[in-house]
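Subject: Model handover

Hello,

Here is the model I promised. Please open it first, then read my notes below.

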Amino acid sequence: MPFYHKLGRIPHKRHTIFKKPDGSLYYEQLFGTIGFDGMSSNLYHEHRPTQVKEIKGSYSVKPKIATENNIKSYRFRGFQVVPNPDYLESRKVILTNSDVDITLASPQGSTKDYFYKNADSDELLFIHKGTGKLRTHLGNLDFKYGDYLLIPRGTIYKIDFDDEDNRLFIVESRRPIYTPKRYRNWFGQLLEHSPFCERDLRQPYELETNDEKGDFLIKVKKQGEIFDMVYATHPFDVVGYDGYNYPYAFSIHDFEPITGRIHQPPPVHQTFETDAFVVCSFCPRKYDYHPESIPAPYSHSNIDSDEVLYYVDGDFMSRNDIEAGHISLHPAGIPHGPHPGAVERSIGQVETEELAVMVDTFKPLKLTEDALGIADETYYKSWLE
Ligand SMILES: [Fe+2]
């Protein structure tokens, strides 16, 4: 998505004759977003990508809402989400609104007998535990601990894990996910003050091209339902493409923290944006170097955004009793801040090892039944002296 990429074989000119060795034609597809206005790629298939053989039915995967209107701070114990052998069944939506689903997953196995496509949402997968390969019709990406995988809507994919111990934090966004606009120039290039640059973004490197006919199941997610669609040709049959619309990877360990003499606000940690939420990366860094600085954050009244913090690794200086895999939810409408003792504890500290992913949504989040199953119902009183 962020800059031009070319993989495989493509003809000299778009929308011109491109012949296979036997003289027949490859089939072109424009794979784009936001109508014809957003980023797109031009793909060349062995077969027409339109050959639906059968629609076997559909089933709902809409999250079951437990709390519609929430004003309570929560802690969720993310690693209590039960592992599941199937990738899609392992995904449990914890928090949701009309813009975004925030999901935890502990898949034990690779997608074997189906392909998957999210037709509604860009998917941002954060790999907390696990290694493997994301395989898509636009090429493959290897992943490991700390990787963000950004999968644009419409991408057909499979995910292969190397073993059974996997933990993912997933953000599904109805609006496209981009890098922050303020870090890009008018050509789209990431600027010098950006905490990462194009060199840090890994593009698909390996194109699987299968010239195969048969029955190929693609599970297509659309408006909260999964449609089981059988195609007559292999979904990975692209011989080449070029353009801007493709999945990519970015390691949180390649995020270069922005620091200062006094406490820097959350936007310095911003990594991705949409017009409905932001994603920030809190990475190991030196603390503020003013001689009288207080490294812990100040209390703040995020009156119009819900703050979700997913704790990955290291120490979590401003919180008491927080472990890796926990999620805190600080809802819009009430102030929140460091736990008792955290401010005092932070004075004189020179660095932090914390690693966390934050999602701030501009609309309030609803809690699902799966969220309540792993919730600490007493967390909202944890600031009492
Ligand atoms: Fe906050």
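Predicted model: local features only at pLDDT ≥ 70, side-chain atom pairs only at ≥ 80, totals over all residues.

How many bridges join strand S9 to strand S17, and do the two strands run parallel or antiparallel? There are 4 bridges, and the strands run parallel. S9 spans residues 115-118, and S17 spans residues 213-222.

With strand S14 (residues 156-161) S9 pairs in the antiparallel sense, over 2 bridges. Here Lys 117 stands opposite Ile 156 of S14. So much for S9.

**The iron site**

Three protein residues donate to the iron ion: His 300 and His 336, each through NE2, and Glu 307 through OE. The donors lie 2.0 to 2.2 Å from the iron ion. Along the sequence, the donor spacing reads H-x6-E-x28-H.

Are His 300 and Glu 307 buried or partly exposed? They fall on either side of the 20% cut-off for burial. His 300 has a relative accessible area of 24%, so this residue counts as partly exposed. Glu 307 has 10%, and is therefore buried.

**Strand S15**

Next, look at strand S15, residues 167-173. How many of the residues of S15 are buried? The count is 7 of the 7, so the strand is largely enclosed by the rest of the structure.

In a regular strand, side chains alternate between the two faces of the sheet. S15 can be read residue by residue in those terms. Arg 167, Phe 169, Val 171 and Ser 173 point one way. Leu 168, Ile 170 and Glu 172 point the other way. Both sets are buried, and they include Arg 167 and Glu 172.

S15 has these pairings:

- Strand S8 (residues 100-105) runs antiparallel to S15, joined by 6 bridges. Thr 103 stands opposite Ile 170 of S15.
- Strand S10 (residues 122-129) also runs antiparallel to S15, joined by 7 bridges. Phe 126 has Phe 169 of S15 as its bridge partner.

**Nonpolar cores**

Phe 169 turns up again in the core. The largest nonpolar core holds 49 residues. Which of them touch the most other members? They are Phe 76, Leu 95, Tyr 148, Phe 169 and Val 357.

Val 357 is worth a click. Leaving aside residues up to four places away in sequence, Val 357 touches Phe 126, Tyr 148 and Phe 169, among others. Its contacts also include Ile 252, Val 279, Cys 280, Val 308, Leu 309, Tyr 310 and Val 312.

**An open sheet**

Which strands form the open sheet of 4, and in what order? The order is S1-S19-S3-S2, with antiparallel pairing. S1 (5-8) and S2 (27-32) are the edge strands, each pairing on one side only. The twist averages 15° from one strand to the next. S2 is joined to S3 (residues 40-45) by 6 bridges. Glu 28 stands opposite Tyr 44 of S3.

**Annotation**

The UniProt record, an unreviewed entry, annotates residues 61-251 as "domain: Homogentisate 1,2-dioxygenase N-terminal". In the model, that span is 2% helix and 47% strand. Its end C-alpha atoms lie 29 Å apart.

Best wishes

Technical notes
Residues numbered from 1 in each chain as written. Heavy atoms only, no water. Pairing = 2+ DSSP bridges. Donors = N, O, S within 2.8 Å, 3.2 Å for Na, K, Ca; no water. Buried < 20%, exposed > 50% of the residue type's maximum accessible area, 1.4 Å probe, protein only. UniProt positions renumbered as here; feature names shortened; annotations may be inferred. Axes fitted to C-alpha atoms, helices over the stretch in contact; angles between N-to-C directions. Core = buried A, V, L, I, M, F, W, Y, C linked by side-chain atoms within 4.5 Å. Contact = heavy atoms within 4.5 Å.
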